[in-house]
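Morning, everyone. Please look at the screen, and keep the sequence open beside it.

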Amino acid sequence: MSLAIALFLLVIGTVVLHFVFAYYFGWWFTPLAADWVGIDITVYITLWVTGIVFVAINGFMAYCVWRFRHRQGHKAVYEPENHKMEIWLSVVTTAGVVLMLTPGLFYWAVFVNVPEEARDYEVLAQQWQWQYRYPGADGILGTADTALVSQGNPFGVNPDDPNGQDDVVVNDPQMRLPVDQDAHILFRSNDVLHNFTVPQFRVKMDLVPGLISYMWFTPTKVGTYDVLCEELCGIGHFVMRGQVVVETEEDFDAWLATQPTFAETQNMVAANPAAGQAQYVVCATCHGRQGEGVQPQGAEPGPTNGPKLAGQPAWYIERQLQYFKSGVRGGADDVMGQQMAAFAATLADDEAVRNMAAYIASLPNVPAQRTIVGDIANGQDIYDRNCAACHLDDGAGTWYTDAPPLAGQSDWYLVTQLANFRAGIRGMHAEDDYGEQMVQMATAMADEEEIKDVAAYINTLASNRIEVGE
Ligand SMILES: [Cu+2]
């Protein structure tokens, strides 16, 4: 009897909760922003078919448990054959399965047949970022290969292919698409399986190393949508966040025209460290003459305690200076970052930023002082499980994962940054796609104590540390 009631409550509860979540909390499809309304229809049909079957079967089971419960003097009868009932059940099951499968097959045929006039785009996934490629004026994407991937050619575009010279390669997790234009998206992966999903477009596709997969859709609404990596197996895919900005064709074309072509990125003049050095004079007050950093004297770092910069690679320095200039770092509640933002603004243009980054990257990696003590074993445990995947086992960082070196950095600064990421002071700006990863990762440390443990462990990774007082 209690089993019958439990089954009955399960059915009622599931149906009621479904409607409460859908209508009261709005846990439902995001508004559609592409022309794949057919996908929604197939999902609705499947939901209705499986919903009705769920209620019918469990209801029937509850009924049987109650109706045919054990009673004195009653005996079960064995009835192995019932032709009428078997035919009836087969017909209903077949109808249900056909109803669920047919629309899917129909839309799959549309899905795999890309319209002639669709424009080509390419998405490249790697641990743990997205990159995008747009064809130039010729409308053709040149060939590319992961074997050609390097820091100067992160997309692996074939430098000998004339079709690739005018391609626009964007090493940034934000993609742009013109509205109401069929988009044919080609997918490649640099390392492991990934999955490109934009919920509002209702289409998703796996990216498989060694294969080119594809999908197509027509974005129908101007707006900004989140890109998710819905690959479940493996680590870190949940931090692969990006955006697709759907805009008018004029806006899209205007933006594309401002982007350097592949040929231009390959022929860029080398940065000039001497020009950077001339401008560094103002930076020295807070970051030291040799970029060695200015140690805090009291317990808390003050506004003139700039972290050590020597030992940081040019790509990381350049990105941070651009972040400070554009307000991605150094926002309203970031008191220390605001100090810095004022000085980043003195670098007039992209060239000045590149020159400064090149100068800082050329500074000798002088030893940093060890100021943090903590439980090194606990710090190592946290670091190896959560941080090494991007910052590497030895804390050296790599351009490939966009993660900067941590070993050799001012340890007190690592502590303040991890606390800032945890508090949302750094990494929460809508355009801070790299910092956002750290907002998620900073939760690996439960409290201030554990942050210090990790910093203490990172201290042991640097070969050029000096002990306090040495
Ligand atoms: Cu992924």
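Let's start with one residue. Leaving aside its neighbours within four places in sequence, which residues is Val-244 in contact with? Here they are: Met-175, Leu-177, Val-198, Tyr-225 and Val-227. Keep in mind that this is a predicted model.

Now zoom out from Val-244. It belongs to the largest nonpolar core, which has 35 residues. Val-244 and Val-123 are the ones with the most contacts inside that core.

Where do the core residues come from? The top contributor is β1, with 4 residues.

Next, the domains. Domain 1 covers 2-67 + 84-112, domain 2 covers 119-138 + 161-266, and both give residues to this core. So the core lies between the two domains.

On to the sheet. Some background: strands of a sheet pair through backbone hydrogen bonds, either parallel or antiparallel. Here we have an open sheet of 5 strands. Read the order across: β3-β2-β1-β5-β8. The pairing is mixed.

Why is one side of β3 and of β8 left without a neighbour in the sheet? Because β3 (168-170) and β8 (213-217) stand at the edges, each with a single partner strand. From one strand to the next, the twist averages 20 degrees.

Last stop: β8 and its partner. β5, residues 183-189, pairs with β8 in the antiparallel sense, over 5 bridges. Find Ile-185 in the model. Its bridge partner in β8 is Met-215.

Conventions. Residues numbered from 1 in each chain as written. Predicted model: local features only at pLDDT ≥ 70, side-chain atom pairs only at ≥ 80, totals over all residues. Pairing = 2+ DSSP bridges. Helix = DSSP H or I, 4+ residues; strand = E, 2+ residues; numbered from the N terminus. Axes fitted to C-alpha atoms, helices over the stretch in contact; angles between N-to-C directions. Core = buried A, V, L, I, M, F, W, Y, C linked by C-beta atoms within 7 Å. Buried ≥ 20, exposed ≤ 12 C-beta atoms within 10 Å, placed from the backbone. Domains from an automatic or database assignment. Contact = placed C-beta atoms within 7 Å.
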